[in-house]
Each structure stands twice: as C-alpha cells, then as structure tokens.
Amino acid sequence: MRIAVIDEGRCEPKKCQNLCMKVCPRNKLGEECIKIDGDSCAVIDEQLCVGCGICANRCPFKAIKIVNTPEKIGSLIHRYGENKFALYNFPVPKKGNIIGLVGRNGIGKSTAVKVLAGELKPNLDDLPTIIKVYLKGERTLSYKPQVLNPVDVDELDKSIIKELNITKKNNYSGGELQALNIALCLSKEADLYLLDEPSSYLDVISRMKIMNLLKSRLKDKEVIVVEHDLALLDYIADEVYLLYGSPGIYGVVSTLYPSLRGINSYLNGYLPAENVRLRREKITFGFGMQENMKIDKLISFTNIEKKQGNFRLRVKKGELYKKEILGVLGPNAIGKTTFMEILANKIEADKGKVGKVSIAYKPQYLHPDSSDLVEDIIPKTGGFREQISYPFHLETLYKKRVDELSGGELQTLAIALCLSKNADLYLLDEPSAFLDIEHRLQLVKVLQRIIENKGATAVIVDHDLHLLSQISNRILFFTGKPSRSGDAEIISTYEALNNFLRNFNITFRRDPETGRFKANKFGSQLDIEQKKRKEFLSLD
C-alpha cells in the first residue's frame, strides 16, 4: 500500500506549470494518477500510484511525499482528507490501567487522543469489533489538551488545589498554567481521562506530584497519557502503545506492550510484535560530558543578587569557559529564568556584574504572533541549511506560517534561530518543551557541534534530567524556597543531579539495557538501599 500526502501550503501548480502531472509515468500512459483542476492543489490517486517517487523528487516546492507502508499496516481509524495524514489502529483504554502513548511528534498521538475525546470522527468501516464496540460505547470523559487554556481556580477541586499548592493570581507561569489545566481535568468526574503532554514546563518534583495524584485518584478509571519524559512515563504507565510510521504522513498504533518492554523496544528501534524496525540506530543514554579543562575563559560574573517583589535571588560568583555547556537545574519559581535574563542583559542585577559578550537568547515562553512564513524569517546564508535546518528537519516547516506552528514546531524554529546567530554565549531556556525524544537527542548533537566549532559557550535551563545529564559539563544548581528565595552555585553534573533528587527524597536508577533513568517506587527495596548509600541517582 502507498500513501501520498500533498502539502497544500507548498503546492503551487501555476509556478511549476503542473510539473508533477507531466513527469508521472501513469499520466504519460493516459491515466489520471495525478490531476490538477485549475489553480487547485494536486491530487494523487493512491491506487494508481506505483511509488516511483519521480513526482516527489521533481517537485520544486517539495510539496509531495510518497511512502510505501508496511504490508500489515492495520485498520484506518482517521484520515484528515484525500492525500492527508492517516492514522491506523487505535489505543483502546483499559479500566484500572494507566496507558501511555510513545512516539515522535507528528506521528498521530494527539490525533488518537482527539478521536477518543470526540473532537475527530473515526472511520468505522472495517474496524475490528473490539474497537467498534469501544468507540460506540457511551462514557463521560475529561480531557487536558496539549495547548494550555486559561483556567478559573474557583472551578477546581479544593483538595487538588491544596495538593498542588495552587494559588489564585492574575498571571501564571507556564508550569503553573500546566498544573491548573491538569487540576481542571482531574476535578471532573469521568470514566475516561485523557492527558496530552502533562509534564511540559513542570519541574521534576511537580511532575512526580502530579503522577502520584493521577495514580491515587484515577486507579479505577480509564486513563491515556501522552508523554515524552521516559522516566515519568515508565513511573506512571502500566502499559504503553508505541506509534510508528512517517511523521506528517501516517502513523500506526502498535499492539499493547508492558511499560518496561515497550519503552525499551522503542529506544532499541525494533518492535518485536510487529516485526517493524523504527530506526537503524538504538537510542542509549550515557552520563555526563567531561568537565571542561578550564583553559580559555569566556565570561565571569561576581556574586549576583536580585530582588523582585517578595522574591530574592543570589548566585555565587563563577566563570564560564569556551566550548563548555553549563546546565541549569532547580525547581520552578526558584530564579533560573531571572538569572538567564540577567545574563542576556534583559534585566539588571541589584548587586554584582556580568562580563560582556555577544549573546543569542531563546526565552522560556514563545509567542507565535507572526503571520510570516517560516522560510521568510530564517537565515539564507552562513551554512544554516546544512548545519541547522537539515538536522532539525526544518525544511518541512518552510511553507507554514509561524502562528500556525504546533508547540514542538515552534520550539524547533526558536532553537534553530537562536543557534543560527553568531554569538559567544548561547542561552536556551527550557528547549526540550514539546520536543520528542529524537528531537531532544538531535538538539544535543547540534548544540555540541556548534559550541565546538565556534569555540562558544552555552547555558541550558531544562527539567529533562536525561538531557541535562548528557549535555552538561557542569551545572548551576539552584536551591531555596520557590517564589521566596533562590540560591545557586556551579557544581559537578553528578553532584547537582544527586542533590536535586535528595532534596525531594526521590531515587532514580539507570536501566541496564538503555541507560535511561527509572524512578524507584517510594519505599521499595531499591529506594531504601540507595538512600542508605546516599545515592539518590545510581549510575550502576
């Protein structure tokens, strides 16, 4: 079977003079494999298409994608239209089980959730009986979408407000807004709960609090969670569905796997039940880069102090070195973004000084308020396409308007624009938000290469412990009382991660097969043993 997808934003028949119709072998034989009516977008008959790929290769606007699917792809659940994205198979919830969805961005996770939520109408033709019965059944649902919405605190369950330390105020940070949306979802009585990327913008302890809340409150419910944080997903999910296919073209929902086996199969790049290979290389997680040799200093700062309202920030003096990546770790509302803004010269410190160097800054919150096409705002020179655009697959976004991008697409664009600038110091605040596992690993590779080639320095704030552990030479570690005070100093990567987990009485260990972090169950034998050794992060 073949799937043909046409990007309407890219397809411009007038400019190419219907080139795809002219080069198609079936069209040359007098058949209508590809047709174009007037100025409308091209349409490809997938039954006639032989999958030669000539039209896709010759299209000057890269508007056509032809993909040969696996022989046993499954049942079509939803398609957005002719020559549009298609989703095959379906994640069926189970009462009393929390089920996770794992896969790349653009592979159909949110589509599956929207079908469950009733926002998209499924194709009921030729579906397996079990799926038909489920979809036709009547059930109440509560849905937390990927895009966060304003929430009235007065609508929330008071016990949830107390447990998540939510307070009523006029403006909320991204992490606070995420907690509000999750609290709203849990405040509703329902049979089915759907949570799409609940961890974005939340620190580790907030993530663990919410996961424990889900486990305790929804233990007799049907629950589906879409999540990119593998340590979190492994902690909460009883079973997982893995989604594979071709991003933006089609996605296939796998059979149901036990959590450990499923996540490791996804990282290994091979699904045994489907006999499908997802990628050539396995994904494994190492720990830590070697600490920089501190030969060439780039910038130094004296003791920094800053007071904002009732909040006080203090950062011990430190130095940053060329070709170094400094991670920044700490809870939400502890002063990390404030310090980044001081480094970026966005705000001034009350006390202390920061050396002057050229800076490129990606802020924590992104505002897609431009209607420009992506291709109109990206650099046209300086090796941008080869060094940044191609590794991030940014060319697939060129014909999209900035204000139409998804969270992951917008994040990718913001990172690419930041790294494209000629700077001595690159500042990236929470770059992993909304990125899938593959994109996070690509970020690590691209950033390390740019830092090495330019002899520059980077400072990265993030809540993904995998990302920080892989990319950081050292870490600026924050302690204190959120919203009250923050104190920070630069220490070793392991010391920072171990201290961070100790502060919240959480222990992690590494999976022996993939090296990924796994959260120990509180009070388990492993949890008790690691705490006795004061190894809140075990590398064994």
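Predicted model: local features only at pLDDT ≥ 70, side-chain atom pairs only at ≥ 80, totals over all residues.
**Notebook: rings and pockets**

I started at F517, which is buried, with a relative accessible area of 3%.

**Ring pairs**

I searched the whole structure for aromatic pairs and got five. One I looked up is Y201 with F434: the ring centres are 5.5 Å apart and the planes stand at 80°, so I put this pair down as edge-to-face. The cut-off I used is that planes over 60 degrees apart count as edge-to-face.

Where do Y201 and F434 lie? I found Y201 in the loop between β9 (192–196) and α9, and F434 in the loop between β21 (425–429) and α16 (437–454). The pair therefore ties together parts that are 233 residues apart in sequence. I also checked burial: Y201 is buried, and F434 is as well.

Then I went back to my starting residue. F517 makes an aromatic pair with F508, 6.2 Å from centre to centre. With 55° between the planes, I noted this pair as tilted.

**Charges over rings**

I looked for charged ends sitting over rings and wrote down two cases. R139 has its charged end over the ring of Y134, 3.7 Å from the ring centre. K215 does likewise with Y235, its charged end 4.3 Å from the centre of that ring.

**Largest pocket**

On to the open spaces. The largest pocket holds about 1,900 Å³. It is lined by 50 residues, and I listed the closest to the centre: G106, P247, G248, K400 and E409.

Which element gives the largest share of this lining? That turned out to be α5, with four residues. I also noted that β1 (2–6), β4 (64–68), α5 (109–116) and α15 (407–420) supply at least two lining residues each. Sorting the lining by class, I got 17 nonpolar, 15 polar and 18 charged residues.

**Second largest pocket**

My last stop was the second largest pocket, with a volume of about 1,200 Å³. Its lining has 43 residues, and E176, N332, A333, P482 and S483 are the closest to its centre. At least two lining residues come from each of α8 (174–187), α9 (204–217), α12 (336–343) and β23 (474–481). How does this lining split by class? I wrote down 18 nonpolar, 17 polar and eight charged residues.

Conventions:
Residues numbered from 1 in each chain as written. Heavy atoms only, no water. 1 Å grid on protein atoms, 1.4 Å probe; cavity = no way out; pocket = protein on both sides within 12 Å on 5 of 7 lines; lining within 4 Å. Points joined across faces, edges and corners; volume = space filled by probe spheres on them. Nonpolar A, V, L, I, M, F, W, Y, C, P; charged D, E, K, R; others polar. Phe/Tyr/Trp six-rings, centres within 6.5 Å; stacked < 30°, edge-to-face > 60°. Buried < 20%, exposed > 50% of the residue type's maximum accessible area, 1.4 Å probe, protein only. Lys NZ or Arg CZ within 6 Å of the ring centre and 35° of its normal.
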